[in-house]
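Please open the model in a viewer and keep the selection panel at hand.

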Amino acid sequence: MAIVEMKKIRLAAMKTDKRRLLRDLIRLGCVQLAELPPEEGDMQALTRRMSSDAQDRRGELSRLLSAVEILDRAVPEKKGLLTPKPEKDSEVFLQDSGVKEALELADSIIGRDERLRKLSADESKERSAQLSLQPWQSLGMDLSIDHTETTRVLLGTVPAKTSMLDLNAALAVVSDEAEICIVSEDREFKYLIMICVNEVFAEVQSALKPFSFALAPVMGMEGTPTEALGRTRLSLEAIAEEKTALQSEIESLSSRRDELRLAADRLCARIAMAEAEERMAATESCIIMQGWLPAADEEKLASVLASYDCAWETEAPSEEEYPEVPVSLRNNKFTNALNMVTNMYSLPLYGTVDPNPLMAPFFIVFYGLMMADMGYGLIMIAAAIVALKKLRPRNNSLSFCQLLLYCGVATFVGGALTGSFFSDVVAQFVTMITGTQWSMPYLFSPVRDSEMVLYGSLILGVIHLNTGMAVNFVQKVKRGETASAIWEEGSLWVILIGGILWFLDIGNISGIPIVLIIGVVMLLLGAGREKKGFGKVTAAVACIYNTATGWLGDVLSYARIMALMLAGGVVGQVFNSVAIMPMQSGGVNPLTILVFIVIFLLGHAMNFGLNILGCYVHDLRLQCLEFFGKFYADGGKPFTPLEISGKYNNVRR
Amino acid sequence: MDFITSLGGKGIALVGAAIAAALACAGSGKGTGLAGEAGAGLVTEDPGKFGKIMILQVIPGTQGLYGFVIFFLTYLKVAGAEVSTEAGFQIFAACLPIGIGGLISAIAQGKVAASSINILAKKPDHWSKGMIMCIVVEFYAILCLLASFLMLNSISL
C-alpha cells in the first residue's frame, strides 16, 4: 500500500551467457532495464552498444497479426464477450518452436488475401467492361477495326436528347463522304458509329465536338461486341470460381488461428528480450546492464544469478535519481481498484505518497452518494461479480471490475439511506395499490432535505480537502520543511477551527472571534515571511485572494455530490411516473403492464448509463483536481519490467 | 395588468412548461444533429464504429429529456389545479433554467460530441476521453435541471 521500494542494479556477465540470462530475467519478470549512462574515458573505447534483431521480429509480428486479422474477418470467431484469454505456462512463451511454421502459414494467408483483393479489382474491371459493351451488342463489327484503307471509323456516344437530324445536318456541311448511324440508345445516351473518308476525318471530328461526342471505351477491344461479352462472362466466372476457392482455403486455415496467436505471443516475448538487449553495452567478452528492481525481489534475483559467472550490485537510489526511478504501487485488494484512477491521471513521483489508500474510501463513498440507488447498486454488483468470475481480468481491467464492485456496494448503501430503489418505483406501486401516499423509509432524501444534503456534501468536501492537507503537512515535515508546513497548512487549520468556534459562538472575546483572527494573522505572516519591505504587502494580498477564492471554489465544487444524487433520482422518478400512468388510468391489464415494462426498462437503462458515467467523471474530478491539488506530486514513470505479456494468451501464475 | 391576469395562472405556467420542453428539445435536436452529421461521415469510412458513434451522438440528447422532465412535472402540477396568477409566474420562472440552459448546453455538447467523433476516427483507442469531455458539459445541464426542479418543488399551489 505504498510506492514499492526500488533498487538500482548493475550487472556484468559473460557474453556467452547472454541468451540464458535474458530468458531467466524474463521468467523472473522483476527487472526493468534502463538506458546505460554514456561511458567516459577508457570504457568508451572498450564498450559498444548492443544491437538486436528487434526490428526484424517486429516485422514478423505484424505479419502474424495481419494474418490473424484476415482470419477474424473471414471467419469471425464465435466467443462470448466474457471469455477470458487462455492461460499458458511461461515456458510455452519462451519456446521457439512453431514460430517459423506460423510465419509460413501467415504468409500463405496474406498471399491468398492479396490475391483475393486483386481478383476483386479485376472483377470490377470486367463488370464495367460488360456494362459498356451491352449497348453495342447489335453491332456486328470487330471492335478493333478503326480504319480501312480509305476510311476512318469512330464509335462514340452523344447525350440522349441530341437530335440525329441536327447531327446529320452538321456532318453534311463538312462533307458528304461522312455518315453517322445510331447503334442503340438508352435513357442517357445515343450510341453511334461514324464512318468517313480519311481526308475529312479532322473536320468531322471538330464538327462533332459541339454535340459532346465522346469516344466509346469499347473501341479497340478484340472481336465483335457479342464475342467480347462472351469473353468477359467467362473471365467473370473464372474469377468467381477462384474467389470461392480462395475463401474456402482461408476458412479452412482458420482452424489454425490459435497457432498464429501463440506464435505472435512468443514473438512478443522475443521482442521484449531483444529490446532489453538494445539497452545493454558489450565489451569483447562481457555484457553490461543497468536497471531497476523492487527491493523485495532482490533475493529471488540473487538465487537466479548464483548460477552465473557474473558480477552485480544493487543500491538504493539517491534523491537526485528519484525522478528517474520507475514507480510501482503495491496495493491490497481494496486499494487496487483505485489504480484505474491513478494510472489514468499520472503516477506519483518516487519518494512521495501512494494516493490509492487515501483516495479509496472517499472515492467509493462519494460515488455511492452520487449514484444512491439500491437497484442500480445491485446491477453494478452483479455485473462486477460476473466479470470477475468469468473474465478473470488482470491489471487495469481488474481494477475496473473491483472499482465497479465497491462502488456498487456503496451505491446500494446510498440507495438504502435515501430510500431509493430504481428511484421511487416501489413507492409509486404501493401508492397506486393502496391509494394512499407512501414512500420508502429513508434517513435523508435529496428531494425533501435538499438543503441538508447540500451542506452535508460541502462538509464532506472540507473533510476531504483537509485530509489532503494533512498528507501534505506530514510530507513537508518529513522533508524537513516544518516551517512551511506550519505557516501554510497550520494557519489554515487555525482559521478553520476559528471559523467553527465563531459559528458556535465559543471563545469570542467581546464579540471578536479571536482564534479566527490569529489564524488570518498567521497566514499573512507566513505568506510574507520570505519577502522584504513592500513585497510583504503584495504577498499578503495575493495570499488572501488565492486562499479565499481557491478554498471557496474547492469547497463549493463538492455541491456536485448533492446535484448528481438529486438529478439521478428525479429523472428516474419521472420515468416511473410516465411508465405507471397507463396502469393508473386504464387499470392493470397485460397491455398496460407491457407499456410499463418497456418504458421502465428503456428509461432506467438510459438513466443508469448516464449516471454511472457521470458519477465516475465527477468523482474523478473531485479526486484529481480538488484532492490531488492539495498534496499530490505526479510525474512518476511506470515500472515496466522485462516480463512475458501476450496479446492473446495470459501467463499462468 | 388586467391583460396578464386575464391570461390566468395556468396559462402562464403552461407557457413556461412549453418553453422548458421546446427550447431544451430544440437544443438537443441541434446537438444530436451536429454529432450525427460527423458520425454519418465516419460511418462511410468505417461502419464498424457505429455503436460507439451512436453513444456519442445520444449524449447531447439528454437536455431534451431534462426539459421534458420539467415539462412533465409542471404539467402534473397544474393539471386539474387552481393556479393563481402569482403562482403561474413562479412556475414560469422555474421553467426558464432548463429551457435556456438546456438549449445552449446541448448545442455546445453537440459540438464536443462531433469533435469526439473525430477522435474516434483518428485515435480510436482514446475515444472514451471524448466521452468524458462531453460529460463535463452535461453537468451544467444537470445544474439547470436542478435549479428548475428545486424552484418548481418549492411552489405550492
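Begin by colouring chain A by domain: domain 1 covers 145-219 and domain 2 covers 337-636, with bounds that come from an automatic or database domain assignment. The C-alpha centres of domain 1 and domain 2 of chain A lie 82 Å apart.

Two conventions apply throughout. Residues are numbered from 1 along each chain as its sequence is written, and chains are lettered from A and ligands numbered from 1 in the order in which they are written. The model is predicted: local features need pLDDT of at least 70, side-chain atom pairs count only at pLDDT 80 or more, and totals for chains, interfaces and linings use all residues.

Strands (E, at least two residues) and helices (H or I, at least four) are DSSP runs numbered from the N terminus, and two strands pair if DSSP finds at least two bridges between them. Zoom in on Val158(A), whose bridge partner in strand 8 is Lys190(A).

Move on to strand 18 (residues 634-638) of chain A, which runs parallel to strand 13 (residues 326-327) of chain A and is joined to that strand by two bridges. Here Pro326(A) has Lys637(A) as its bridge partner. Strand 18 also pairs with strand 15 (residues 347-348) of chain A, in the antiparallel sense, over two bridges; Leu347(A) stands opposite Gly636(A).

Now display helix 3 (residues 54-74) and helix 5 (residues 99-133) of chain A, whose axes come within 9 Å and cross at roughly 55°. Axes are lines fitted to C-alpha atoms, for helices over the stretch in contact, and angles run from 0 to 180 degrees between N-to-C directions. Helix 3 and helix 5 of chain A are therefore oblique to each other, the class left over once angles under 35 degrees (roughly parallel), over 145 (roughly antiparallel) and 65 to 115 (roughly perpendicular) are set aside.

Finally, select both chains: the contact takes 16 residues from chain B and 15 residues from chain A, where residues are in contact if their C-beta atoms, placed from the backbone, lie within 7 Å. On the side of chain B that touches chain A, helix 6 of chain B gives the largest share, twelve residues.

Terms used
Two residues are in contact if their C-beta atoms, placed from the backbone, lie within 7 Å.
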